[in-house]
Amino acid sequence: LQSLDVANNQLRELPAALADCPRLKEANFRGNQLRDKRLEKMVNGCQTKAILEYLRAGGRGKGKAESGREDVRKKKREKQQKKDGGDGEQDEVEEASKLLVKVLHVSENPAPLVVKVSPGVKDVRAFIVCCVLKGVNLKPGNALKRFLTMQTKLHEDICEKRTVATIATHDLQLVKAPLTYDVQPPDELKITPLGRKEIKAKDLLRQLQLEAEEQRKQKKRQNVSGLHKYLQLLDGKDNYPCLVDAEGAVISFPPITNSEKTKIRKETRDLFLEVTSDTSLQICKDVMDTLILKIAELNRSALENKEGSGSDMESDALCGPGNLNLPLVVEQVRVVDTDGNLKVLYPSKTDLATVASLLTVIR
């Protein structure tokens, strides 16, 4: 949530949860008769940041007496939840705050991964941020399906239907480094898309457009779904962006598809993560921050629930209670130009700040 306008309504209080919205920069609460008169004055004269700080410090949009009573009730609820072993919303927030991620710096890594950027991407899709994430467990139950669903939701939401950024996730063991972020003409770029045979980018888009038309006719719908709705994002481009491995194979064709060559499977433990954008570098970083948080949440959930671990000894061992607090390891990846000059390092000291309230980062 970045902006909120609820002016001239009949609000009597403001929820404390607003203080937990790290991206909320603009908020208009004017014209509401709030019970907390101090807060009402702040709403009419202070910046959003000051209002959120007031809520975070204990203001609840109530009078002092009511606020005191609410604190007593809250403590009682927490005590009862601990007694019952309940898993209410408060417990979920507490659990999320225990998520651990350890950053492995380039200087500590004997074989750091590097991505070289060609000059041609500047006019096509200029920005790329990458990192390695180790220690993921996709074996239990439907963990892999939930991982793929999470990625789709991020594309719809924070990536704004892939118009501002695109995510690509790869099995690190299948990635042949060093990598090059490059551009190629549509009739030269070849890729083996997920679930398909090798094809030229130009022919792939034509094939997808035909599929989209057929889909529309069959379902009698105005809009298309899935991969087909992103085809227009490449309209008018003379060259297409691609990530190429050391063997010359295209492993990513943003914003359309990944390659079958580096496809993630249940057995995948280590990921190579990539976010590209033609909008800004900061958007890439924000999306990557959120992606790492979501993977950490899914990983913890899979370990806690032991979904379908059955008799798999490795899964059982990973799901043991002693392993729940083992941190995921994020390895820094350097993106450099053709002369080897550093363009971006992720995660840097300032990265992962947008999810700091839910993620403990060991640097």
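Select helix H1 (residues 37-45) together with helix H2 (residues 48-56): their axes come within 9 Å and cross at roughly 160°. Here helices (H or I, at least four residues) and strands (E, at least two) are DSSP runs, numbered from the N terminus. Axes are lines fitted to C-alpha atoms, for helices over the stretch in contact, with angles running from 0 to 180 degrees between N-to-C directions. H1 and H2 are therefore roughly antiparallel to each other; angles under 35 degrees count as roughly parallel, over 145 as roughly antiparallel, 65 to 115 as roughly perpendicular and the rest as oblique. Their crossing is left-handed, meaning that the near helix is turned anticlockwise from the far one by less than a right angle.

Show side chains next. H1 contributes Arg38, Leu39, Met42 and Val43, and H2 contributes Ala50, Ile51, Tyr54 and Leu55, where contact denotes heavy atoms within 4.5 Å. By class, this contact of H1 with H2 has seven nonpolar, no polar and one charged residues. Ala, Val, Leu, Ile, Met, Phe, Trp, Tyr, Cys and Pro count as nonpolar, Asp, Glu, Lys and Arg as charged, and the others, Gly among them, as polar.

The model is predicted: local features need pLDDT of at least 70, side-chain atom pairs count only at pLDDT 80 or more, and totals for chains, interfaces and linings use all residues. Residues are numbered from 1 along each chain as its sequence is written, and side-chain values use heavy atoms, with hydrogens and water left out.

Zoom out to the whole protein, which has eight helices and 16 strands. Of its 363 residues, 42% count as buried, that is, under 20% relative accessible area, with exposed over 50% and partly exposed in between (1.4 Å probe, protein chains only).

Now select Val115, Phe272, Leu273, Met288, Ile292, Ile295 and Leu359, the residues with the most contacts inside the largest nonpolar core, which has 53 residues. Such a core is a set of buried Ala, Val, Leu, Ile, Met, Phe, Trp, Tyr and Cys residues joined through side-chain atoms within 4.5 Å. Among the elements supplying at least two residues each are strand E4 (114-117), helix H5 (143-156), strand E13 (270-277) and helix H7 (281-305). The largest share, nine residues, comes from H7. Apart from this core lies another, of 16 residues, among them Leu205, Leu231, Tyr240 and Val250.

Centre on valine 115. Not counting residues up to four places away in sequence, valine 115 touches Cys130, Leu179, Tyr181, Leu243, Phe272, Val333, Arg334, Val335 and Val336.

Move to glutamine 184, in strand E7 (residues 179-184). Glutamine 184 is buried, with a relative accessible area of 19%. Leaving aside neighbours within four places in sequence, its contacts include Leu189, Lys190, Asn239, Tyr240 and Val250.

The last stops concern the backbone. Most residues other than glycine have a negative phi, and most peptide bonds are trans. Select alanine 177 and proline 178: the peptide bond between them is cis, with omega near 0°, and proline 178 is in the loop between strand E6 (166-171) and E7. The bond from proline 254 to proline 255 is also cis, with omega near 5°.

Finally, select lysine 161, in the loop between H5 and E6. Its phi is near 60°, and lysine 161 is partly exposed, with a relative accessible area of 47%. Arginine 162 has a positive phi of about 65° and, at 14% relative accessibility, counts as buried.
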